[in-house]
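Here is a quick tour of the chain on your screen. Have a look at it first, then read on.

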Amino acid sequence: MCRNIRVLNNFEPPATEDEIEAAALQYVRKVSGTTRPSAANEAAFDEAVRVVTAATRTLLDGLVTKAPPRDREVEAAKAKARAAERYGPRTTASN
């Protein structure tokens, strides 16, 4: 699950609220050990996602860096290259 949490700092344009909330959701899923909470735990789960989202926004707003902003397309290409090196080239299944 946590492999889906992406670096959100120092991008141009900055991380969106949707990206921040998606990272918070993945974090809460990992910590809670569930992707969908039971009805009894739904309120606590949703509140945790809200709080982690807010904390993440506070963190990102407070971070300072001298590095130039990252480009999402460049970072995605790097990640794809790392995955190809790690897992081999992607192949399609034939019927």
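Predicted model: local features only at pLDDT ≥ 70, side-chain atom pairs only at ≥ 80, totals over all residues.

## Ground rules

A residue is called buried when its relative accessible area is under 20%, exposed when over 50%, and partly exposed in between, using a 1.4 Å probe and protein chains only.

Numbering starts from 1 along each chain as its sequence is written, and side-chain values use heavy atoms, leaving out hydrogens and water.

## Overall layout

The chain has 3 helices and 0 strands, in the order α-α-α. Helices (H or I, at least four residues) and strands (E, at least two) are DSSP runs, numbered from the N terminus.

The radius of gyration of the chain is 17 Å, whereas a compact globule of 95 residues would come in near 12 Å. That radius is taken over C-alpha atoms, and the globule rule is 2.2 Å times the number of residues to the power 0.38. Along the principal axes, the C-alpha atoms fill a box of roughly 50 × 45 × 15 Å.

Which residues of α2 are buried? They are Phe-45, Val-49, Thr-53, Thr-56 and Leu-60. These cover an arc of only 75° around the axis, so they sit on the same side of α2; the arc is that of the directions from the helix axis to the C-beta atoms. They pack against α1 (17–32). On the face turned away from the buried side you'll find the exposed residues Ala-43, Ala-44, Thr-58, Asp-61 and Gly-62.

Zoom in on Thr-53, which has a relative accessible area of 11%. Leaving aside residues up to four places away in sequence, Thr-53 touches Glu-17, Ile-20, Glu-21 and Ala-24, where contact means heavy atoms within 4.5 Å.

Most residues other than glycine have a negative phi, and most peptide bonds are trans. Asn-10, in the segment before α1, has a positive phi of about 65° although it is not a glycine. Asn-10 is also buried, at 16% relative accessible area. Pro-13 lies in the segment before α1 too, and a cis peptide bond joins Glu-12 and Pro-13, with omega about 0°.
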